[in-house]
Amino acid sequence: MSGGKDRPYRYWLTNIRGIGKKRKISLLQKLGSAEEIFRAEQEVLQKAAGEAAAGKIRESKKDWDILAEYEKLCRQKINFTCYGDTDYPKRLAEIPDAPFGLYYQGHLPSDRMPAVAVIGARACSEYGVYVAREFGSKLAEAGIQIISGLAMGIDGISQEAALAAGGESFGILGCGVDVCYPKCNRHLYEKCRRQGGIVSEYPPGTKPAAALFPPRNRIISGLSDLVVVIEAREKSGTLITVDMALEQGREVLAVPGRITDSLSRGCNSLFRQGAGVAVSPLDILEALSGPGYHINMEETLKKGRENVFSGMESIPIRELPAQEKQVYEQLEVLPRTPEELWQKTGMALTIQEVMGALVELCLKGFAEARPEGYCKKILATKKNKGIMVDD
Amino acid sequence: MYSTVISGGIRGIYSYLVQVEVDTAQGLPGFEMVGYLGSEVKEAKERVRVALKNAGFAIPAERITVNISPADIPKEGTAYDLPVAVAILSSMEIVPRESLGHLLMIGELGLNGELRPVRGVLPVVRKAKAAGFKSCIVPKENGKEGAVVEGIEVYGLGCLQEVADFLRQYKAPPFEPAQVDLEKIFRQQEEKGPDFADIQGQKEVRRAAEIAAAGFHHLLMIGPPGSGKTMIAKRIPSILPPMSLEESLEVSTIYSVAGLLKEKQSLVCKRPFLSPHHTISEHALAGGGKIPRPGVLSLSHRGVLFLDELTEFKRTTLEILRQPIEDKEVQIARSSGTFTYPASCLIVGAMNPCPCGYYPDRNHCSCSPWEIDRYLHKISGPLLDRMDIVAEAKKVDIAELGNENDAEGSREILERVMRARRMQQKRFQGTGLSFNADMGPAQVRKYCPLGTQQQKMMQQLFSSMNLSARAYHKIIKVARTIADLEESGEIERRHLAEAACYRRTDSKYWGRHR
């Protein structure tokens, strides 16, 4: 049953209020297509769906001009797919409460490529920022589609990193696909549309509301093979997504943090419940090789070991002036303040020398300035598609 | 009989000469005052009449007309009481007219005939000296303030009777001119204030404060509560270079106009340190009133204006700072004219990075990114751009608190600051500038030439840090001060790098999303 000619009718069917998804599906099965439903006699509908539902369908026909409405949607460059269509994501169709209609801009995640949801706290720490970037870019380089909620914090950062690494990323919204929320992630929203997709089950123009977000979380996990959690507080929206992922039978991995950090509590409670441990993006690749993707483990592992967390040792730091080298040796992947670095160099340098060296290192591309301090800059590695797709 | 006495009026911090004319003539007895007078000046009529009577002078039953000229400038204040009274005495031929020739006088009168202190004695006496007067009569309490001006005799007298005596024996007055020992006053300032030795850790902010003090660069400190930002700010006066006499006169003039000079304190010779509460109004900050008086911004001229809890200030109040920071003066326009007060102060701000104060320590801080943004954006971009040095205060470790005191004291820091001060004095001799921070773009080009290496570095910094033209010059100016602290004639790469480090801090917070 491809969309094609029936699609405008399916769009109408999706938007009938007061009829559940199950009844819509059974109607489709009984009558064959949405067009048939639209054209069906009232008695036929009453027999197929019951009196109340038939009444609702009749009501909805009154103020719905099939072709005009669908054309309006197309003019907005919004695509539409419906449960049962061939282009409806397979992974999503498997979940118990799959949305009946799905709106998207850009395109939908490919069923042939692995997809991973990277989720976590909005108010994340510098550690979270670092890990989200690392996982986002490394997974994207391995050809994995990154699914997330386009939110601030972990969600947005991992997607941003994935897109920057040349990968594809999909933002699942709790509002219409034509509404950018949160507004400050506008650039990410635009980039996702070009280099991936924006997906929502809510009709275009729907304003974001608190009640709409928990249901969209099931789509995030539903579109993915696997869910990675980076930093979550106890009782957070992230853990709601995890619950849904588990109901849907998705594997959940979490990234460990320090036990003293409140942002690690969520992940640590997941470990207690038996979640997988992801200490490197490679763990994700390993876990993914289960559900039918033949990942070229040997090559990926080899390349991965070289790149992941190794920073940029290959760059000739030998050529740096002595002071800069001294400071560089103390830099880590997590940010340190000039004062901490000064202490770590054994106070051999003055604070002003440390600060000067840091700016030089930033200019030369060896270090990076973050709100918490200065850290080693990890250079983006070359594209490394280590995944073969099982046809 | 016509008679005239010279006095002085104040407009902003400047003084102008005023002629008080009195005519007593036959006619219906009365007392008229004209000359664009404010209400307190008009009330002088009653004070003068009663004071004269109580000092033992009978006012003739004649028609007395007083004109205060120039008659087209609005007059305010009570300093015209004495000249009006003396002009009347002169017109009654109680004091000889010749005695008034090279004399200028100001003072308020009490009903008992005593002379009371007035505002603005210092600028008036300076003006008198510039206009070639030989002596001045001022109220006793203002004597020392006036005596600071050299080359003119200033007599501090107690009551109207004394003034009459003085004038009657003007060739050899029975009074001594007021004297001040400038050296002694300047020595007094060396009293001990809080010392930098009290501060544990905070290497970065200490260094930033040192540079700020040496070159008068505006400083913004960001850090969690209790990290010692306020402590450091309070210790900045202890490492500021002492004021020169010229600077001291500038500051004292402002204080004199504001009526804030005390009798004991003839001159402000310690750099002011003002720390207004964040509820301060726009007018209190910039100066205000119908005839504007200097605000906190001008009162901290040549000194430190410390704005603690910067984000708690009203935004409109903070935005007022913008133009004075650039121009080093405040211009206040009123219907009666535009008033200009100098405002070349070192602005030191202190603030938390987020509402709870602990960002980026996520164990303490659970503020949402949105809340942090809203908090930080209370400081507008243009204002932030005007801060030369942004330094982070970090939470102090217990290890540092426990350390036996090995922190540098204010004296050692001051020695380095003085070195930089001498370099700057040499550099700016005869230009009217005094600190590196005062340089404009043209002077930066002239006094801070960069080598090819350094220029290349600045180009890289300009593009990588997304600098404004102003920020670009500020980095060079701060680097100049850092080089001065080392007595280095050339600005080296390391100086530029350190200066840039203090500007990177702000983009770390405000540019988090870039």
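What follows is a request about the open space between protein atoms: how many residues line the second largest pocket, and which of them lie nearest its centre?

Analyst: Before the details, please note that this is a predicted model, in which local features need pLDDT of at least 70 and side-chain atom pairs count only at pLDDT 80 or more, while totals for chains, interfaces and linings use all residues. Residues are numbered from 1 along each chain as its sequence is written, chains are lettered from A and ligands numbered from 1 in the order in which they are written, and side-chain values use heavy atoms, with hydrogens and water left out.

Rolling a probe the size of a water molecule over the atoms shows where empty space is left. On a 1 Å grid over the protein atoms alone, a pocket is an open set of points with protein on both sides within 12 Å along at least five of seven lines, a cavity is a set where a 1.4 Å probe fits but cannot get out, and a lining residue has an atom within 4 Å of a point. Points are joined across faces, edges and corners, and a volume is the space filled by probe spheres set on them.

By this rule the second largest pocket has a volume of about 950 Å³, and its lining consists of 37 residues, with R258(A), R336(A), E340(A), E372(A) and D361(B) lying nearest its centre. If the lining is sorted by class (Ala, Val, Leu, Ile, Met, Phe, Trp, Tyr, Cys and Pro are nonpolar, Asp, Glu, Lys and Arg charged, and the others, Gly among them, polar), it holds 13 nonpolar, nine polar and 15 charged residues.

Two helices of chain A, α8 (126-141) and α17 (338-344), each supply at least two residues of this lining, and α17(A) gives the largest share, three residues. Helices here are DSSP runs (H or I, at least four residues), as strands are (E, at least two), numbered from the N terminus. Chain A as a whole has 18 helices and 13 strands, and 56% of its 391 residues are buried, where buried means under 20% relative accessible area, exposed over 50% and partly exposed in between, with a 1.4 Å probe and protein chains only. Among contacts in chain A (heavy atoms within 4.5 Å) between residues at least 6 apart in sequence, 71% join residues at least 24 apart.

Single residues show what the accessibility classes look like in practice. L82(B), in helix α3 (residues 81-91) of chain B, counts as buried because its relative accessibility is 0%, and, leaving aside neighbours within four places in sequence, its contacts include M105(B), I137(B) and V163(B). K5(A), by contrast, stands in the segment before α1 (7-14) of chain A and is exposed, because its relative accessible area is 71%.
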